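Look at the structure first, then try each task before reading its solution.

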Amino acid sequence: MSALLDRLFAELAQVAPVRADFPKRPHAAVALLLAPDPDRLLLIRRADRAGDPWSGQLALPGGRREVHDQDLLHTAIRETAEETGLRLDRTWHRADLDDLAPTTPVLPPIVVRPFAFQLAEALAAGLSDEVAGVAWVPLATLAAPGVWRETTIEVRGVHRVVEGYQLDEGLLWGMTERIVAPVVRRWSTLRD
């Protein structure tokens, strides 16, 4: 285990997560998986699919809550298994993060709850119909100067200036960036 990740999770667990108050919106959950040696984060590349607003983007494993899910933590665990083949243990769940809702009207009105998991090692993640790629990205890479910056992208034929991480795997931006950035900043502060 990583002493730095232990400290990060201890701090994350002390902060009460902000909950979105949109009871009529559908809910989803994602898994933020962190592993040591070096400290790193699992990212997926979503498969290209017609009608999927997040098609082809870097993301965290996760998806919509289904009727049979006992809670949103179960949703995150189930979706991670379906998308990557990784079978998470509930005891690896170490912190709930703030709920997020899309801030643009072109995205579905949904509430996403991130759950942070501490793994003993980086597990081999697989591909699925929903996932075209996986990568364990070192937190030091995400925290490096110049990796997080503004850039112009084209979304549905419109050029937009967005903030995100410019990685070898692609651009990490949008809701996933909003989930990952505070964790990377906190990890970086603890490291320094």
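**Exercise 1.** Leaving aside its neighbours within four places in sequence, which residues is L142 in contact with?

*Solution.* Before we start, note that this is a predicted model, where local features need pLDDT of at least 70, side-chain atom pairs count only at pLDDT 80 or more, and totals for chains, interfaces and linings use all residues. Residues are numbered from 1 along each chain as its sequence is written, and side-chain values use heavy atoms, with hydrogens and water left out.

Step 1: contact means heavy atoms within 4.5 Å. Step 2: with those sequence neighbours set aside, L142 touches L41, V137, V147, Y165, L167, L172, V180 and V184.

**Exercise 2.** How many residues does the largest nonpolar core have, and which element gives the largest share?

*Solution.* Step 1: a nonpolar core is a set of buried Ala, Val, Leu, Ile, Met, Phe, Trp, Tyr and Cys residues joined through side-chain atoms within 4.5 Å; buried means under 20% relative accessible area (1.4 Å probe, protein chains only). Step 2: the largest such core has 35 residues, and L142 is among those with the most contacts inside it. Step 3: helix 4 gives the largest share, eight residues. Helices here are DSSP runs of H or I with at least four residues, and strands are runs of E with at least two, numbered from the N terminus.

**Exercise 3.** What is the strand order of the open sheet of three strands?

*Solution.* Step 1: two strands pair if DSSP finds at least two bridges between them. Step 2: the order is 8-9-10, with antiparallel pairing. Step 3: eight bridges join strand 8 to strand 9, and T152 has V161 in strand 9 as its bridge partner.

Conventions: Buried means under 20% relative accessible area, exposed over 50%, partly exposed in between (1.4 Å probe, protein chains only).
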